[in-house]
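I opened my notebook to look up a few things in this structure. Here is what I went through, in the order I checked it.

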Amino acid sequence: MPRYWLLKSEPAMFAFDDLWKAPKRTTYWDGVRNYQARNFMRDDMQVGDLAFFYHSSVDPAGIAGIVKIVKAGYPDWTAFEKGHEHYDEKSDPKNPTWVMVDVQAVEPLPEFVTLETLRGVKGLDGLELLRKGSRLSVQPVSAAHFAIIAKAGKAKTTG
DNA sequence: GCCAACGTTGGC
DNA sequence: GCCAACGTTGGC
C-alpha cells in the first residue's frame with residue numbers, strides 16, 4: 001500500500017507548474033533541512049507513494065497538484081556543493097546528513113485547494129497541515145485525508 | 001541537560 | 001512587513 005504525503009514548496013522558487021514542464025515531469029526534492037522532515041523521507045517514503053504539492057508563502061497558499069515518489073531517499077548532494085543555496089558544511093559526503101527523493105508530477109488538481117478551503121472541509125481532523133503552528137515541509141497524510149482532499153480538488157460539475 | 005537567544009517558517 | 005510558533009545553538 002502506498003503512503004501519502006504533503007510536500008511544501010514556495011512557488012516563487014519552484015511551483016507545481018515548473019515540475020509539470022520539467023523533463024519527464026520529474027525532479028529531485030532537495031533542500032529539506034529539518035530532521036523530522038528528513039526522517040520521513042529517509043525512513044518512510046517509498047517509490048509509488050503519492051504526495052500533494054503544496055504552495056506555501058504565497059497568496060493563497062494551497063494544494064496545486066499530486067506527485068508520485070519515483071526514487072526513494074538518497075543523499076541530498078546539494079548540501080555538499082559550496083556556494084549552493086542549500087550548502088551545509090556539516091553534512092559529510094561519507095555520512096550525509098540530508099536526504100532527497102525524486103518526484104514526478106501525476107496531475108494538477110482541477111481546482112486549487114486553498115488552505116482556507118481545507119479548514120472548512122469536514123473529516124480532516126488531525127491533518128498536520130491544519131495543526132496550529134505546523135511548519136513541517138514534509139508531512140504524512142492519511143489515506144482517508146488524502147482521498148477527502150483529492151475530492152475537494154476535483155472540478156465542480158453541474159447536474 | 002537546561003534554557004535563553006537567535007534564526008526560520010509561513011500565514012496573515 | 002509583522003509576528004507566533006517552533007527548531008537549533010551554545011553558554012553554563
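This is a predicted model: local features need pLDDT of at least 70, side-chain atom pairs count only at pLDDT 80 or more; totals for chains, interfaces and linings use all residues.

**Entry 1: Ile69**

I looked up Ile69 and found its place in strand E4. Is Ile69 buried or exposed? I noted Ile69 as buried because its relative accessible area is 0%, and the cut-off for buried is under 20%. I then checked Ile69 against Glu116: they are 47 residues apart in sequence, and their C-alpha atoms are 27 Å apart in space.

**Entry 2: the largest nonpolar core**

I went on to the largest nonpolar core, which has 21 residues. Leu7, Trp29, Met41, Met45, Val67, Val103 and Val138 are the members that touch the most others. At least two residues of this core come from each of E1, helix H1 (16-21), helix H2 (35-44), strand E3 (50-55), strand E4 (62-75) and strand E5 (99-114). Which of these gives the most to this core? I have E5 down for that, with four residues.

**Entry 3: DNA strand B**

Next I listed the residues around DNA strand B: Lys8, Tyr54, Ser56, Ser57, Ala61, Leu115, Arg119 and Arg135. Of the DNA strand B atoms that come within 4 Å of the protein, 75% are sugar and phosphate.

- A polar backbone atom of Ser57 is 3.0 Å from a phosphate oxygen of DNA strand B.
- An N or O atom in the Arg119 side chain is 3.3 Å from a phosphate oxygen of DNA strand B.
- A polar backbone atom of Arg135 is 2.7 Å from a phosphate oxygen of DNA strand B.

**Entry 4: DNA strand C**

Around DNA strand C I found Asn34, Tyr35, Lys90, Arg131, Lys132, Gly133 and Arg135. Sugar or phosphate makes up 69% of the DNA strand C atoms within 4 Å of the protein, and bases make up the rest. The surface near DNA strand C has one nonpolar, two polar and four charged residues.

Phosphate oxygens of DNA strand C lie 3.4 Å from a polar side-chain atom of Arg131 and 3.0 Å from one of Lys132. What does the side chain of Arg135 reach on DNA strand C? I found a polar atom of that side chain 2.7 Å from a base oxygen.

**Entry 5: the largest pocket**

I put the space in the largest pocket at about 650 Å³. Its lining has 20 residues, with Lys8, Ser9, Glu10, Asp30 and His86 nearest the centre. Strand E1 (4-9) and strand E2 (26-29) each supply at least two lining residues, and E2 has the largest share, three residues. By class, I counted five nonpolar, nine polar and six charged residues in the lining.

Most residues other than glycine have a negative phi, and most peptide bonds are trans. So I looked for exceptions.

- Lys24 has a positive phi, near 60 degrees, and lies in the loop between H1 and E2. I call Lys24 exposed because its relative accessible area is 73%, where exposed means over 50%.
- Arg25 has a positive phi too, near 55 degrees, and lies in the loop between H1 and E2. Arg25 is partly exposed, at 35% relative accessible area.
- Asp59 and Pro60 are joined by a cis peptide bond, with omega about -5 degrees. Pro60 sits in the loop between E3 and E4.

Methods. Residues are numbered from 1 along each chain as its sequence is written. Chains are lettered from A and ligands numbered from 1 in the order in which they are written. Side-chain values use heavy atoms; hydrogens and water are left out. A residue is near a molecule or strand if one of its heavy atoms lies within 4 Å of it. A polar contact is a pair of N or O atoms within 3.5 Å; within protein, one must be able to donate a hydrogen and the other to accept it, and residues adjacent in sequence count only if both atoms are side-chain atoms. Ala, Val, Leu, Ile, Met, Phe, Trp, Tyr, Cys and Pro count as nonpolar, Asp, Glu, Lys and Arg as charged, and the others, Gly among them, as polar. On a 1 Å grid over the protein atoms alone, a cavity is a set of points where a 1.4 Å probe fits but cannot get out, and a pocket is an open set with protein on both sides within 12 Å along at least five of seven lines; lining residues have an atom within 4 Å of a point. Grid points are joined across faces, edges and corners, and a volume is the space filled by probe spheres set on the points. A nonpolar core is a set of buried Ala, Val, Leu, Ile, Met, Phe, Trp, Tyr and Cys residues joined through side-chain atoms within 4.5 Å. Buried means under 20% relative accessible area, exposed over 50%, partly exposed in between (1.4 Å probe, protein chains only).
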